[in-house]
Amino acid sequence: MSLSSTLERPDLLSAPGGGDDENGSRRTIIIWVVALILVPVVIVAGYTMFLMILLGSSLGGSSTSCTASGTLGSTELTVSTTGGSTRTLTATELGHAATILAVARSLGVSAQGQQIAIMTALQESGLQMYANSTVPASLDYPHDAVGSDHDSVNFFQQRVSGWGSVKDLMDPTYAAKAFFGGPEGPNRGSPRGLLDIPGWESMTLGEAAQAVQVSAYPDAYDKWENAAQQIISSVGGSISCSGGEVVGQAAFPLSPGFNMTSGYGLRDIDVEGAPTWHVAIDLQHWPNNCGDPVYAILPGTVTLSSDLWLSIRHPDGFIVSYLHMYKSQRLVNVGDQVQAGQQIGVTGNVPPSGGCHLDLRINKNGTTNKAVAALQDATDLGAPAMYAGYVNPEEFLRLYGIEICPPASCRRP
């Protein structure tokens, strides 16, 4: 059996993003239902998971702050710069990172933009909330340290003379929103936030940070690239925000040590009837047999359990599907509430398939999560119209700080 082991018939694999059709025979009806769901639902619901924070939490309150919890295994995290030096971040500092990431995801900011923001805060303040001795009013608000640089405050060192009032800028959520700016930003483009800068996506990460901060040390941000990614990967698993919303956690679908046997997009496959356009990623502990535990990557409600498909709808509306598990070995059924990291079954070889593995796919149709909605649709890359709404699972999981197939531990085709 080759690494490209999944065999998937287009007629079966175009099936749903949720429903209760056991045999896939209602595909046409489901497509129409999905089309109706596509009508924009302008509901910014509380984000039910950090990894899902990225995806649409309502963080509009003026005093919202977040804490990292559940995935670090410790209250501290040691990160390294590109030059090899290290810095140990406290739970408080990681909490500020969680707030920045939560705001980013609620605004639909990409993983690239999230990394830029964390790099900036590391350079400007070490992710500490600064008051300023030359701005006495700032001392009346919660802070981690006291500086004296002009009238700069908070973890981005935003100046009271330009970025907002003392009260606003000493609020972590407001500070993050001001940094990102954009149509929903509090400063209406002046000063410019990241999203207000034309072409920022084409800049290096450090250049983009400098374009926002206009620092006297324009090259200072670059050294924090690795550290920012470490923070996102570590904090990305679980976040809780004040006001009661628990943003939950995201999990890997298989235990560590798996490989990716077929990727997303066009592929060469020598199995009769298998589609050349793959809207999923295939994972397996090569060359293990069937029976590996499969875990839900995110929370939600089971909406479909057919012979081939198990689909779970997240509260933000997108659907995560797990294919090829034998139905008799599944641990959940339609209507069940599932938590991230909960075992839902084991790897199987339900046809069309060329070997025991898990096919993981995400359909964004109907989502209220801006970051998920912004992911590139398969049809934009040339996939047949029947695959409208499917997105690259690797890009999706990066929103939650998960690199599904890191080079050091995962082999891909």
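Guide: Start with strand β13, residues 281-284. I281 and L283 point one way, D282 and Q284 the other way, and all are buried. Keep in mind that this is a predicted model.

Visitor: What makes β10 and β13 a pair?

Guide: Pairing needs at least two bridges between the strands. Three bridges join β10 (residues 259-262) to β13, so the two strands pair. They run antiparallel.

Visitor: Why is the link of C290 and C356 called a disulfide?

Guide: The cut-off for two cysteine sulfur atoms is within 2.5 Å. Those of C290 and C356 are 1.9 Å apart, so the pair qualifies. The link is left-handed, with -75 degrees about the S-S bond. C290 lies in the loop between β13 and β14 (293-295), and C356 in the loop between β19 (343-346) and β20, so the pair ties together parts that are 66 residues apart in sequence.

Visitor: Why is C290 called partly exposed, but C356 buried?

Guide: Buried means under 20% relative accessible area, and exposed means over 50%. C290 has 33%, so it falls in between and is partly exposed. C356 has 14%, so it counts as buried.

Visitor: What makes the disulfide of C405 and C410 left-handed?

Guide: The torsion about its S-S bond is about -85 degrees, so the disulfide is left-handed. The S to S distance is 1.9 Å. C405 is buried at 3% relative accessibility, and C410 is buried at 9%. By the distance rule, the count comes to two disulfides.

**Cores**

Visitor: What makes a set of residues a nonpolar core?

Guide: Its members are buried nonpolar residues joined through side-chain atoms within 4.5 Å. The largest such core has 52 residues. Those with the most contacts inside it are I100, I118, F180 and I231. α4 (91-106) is one of the elements that supply at least two residues, and α4 gives the most, with eight.

Visitor: Which residues does I118 touch?

Guide: Leaving out residues up to four places away in sequence, I118 touches A97, I100, L101, A228, I231 and I232. Apart from this core lies another, of 47 residues, among them I281, L283, V294 and L397.

How values were computed
Residues are numbered from 1 along each chain as its sequence is written. This is a predicted model: local features need pLDDT of at least 70, side-chain atom pairs count only at pLDDT 80 or more; totals for chains, interfaces and linings use all residues. Side-chain values use heavy atoms; hydrogens and water are left out. Buried means under 20% relative accessible area, exposed over 50%, partly exposed in between (1.4 Å probe, protein chains only). Helices (H or I, at least four residues) and strands (E, at least two) are DSSP runs, numbered from the N terminus. Contact means heavy atoms within 4.5 Å.
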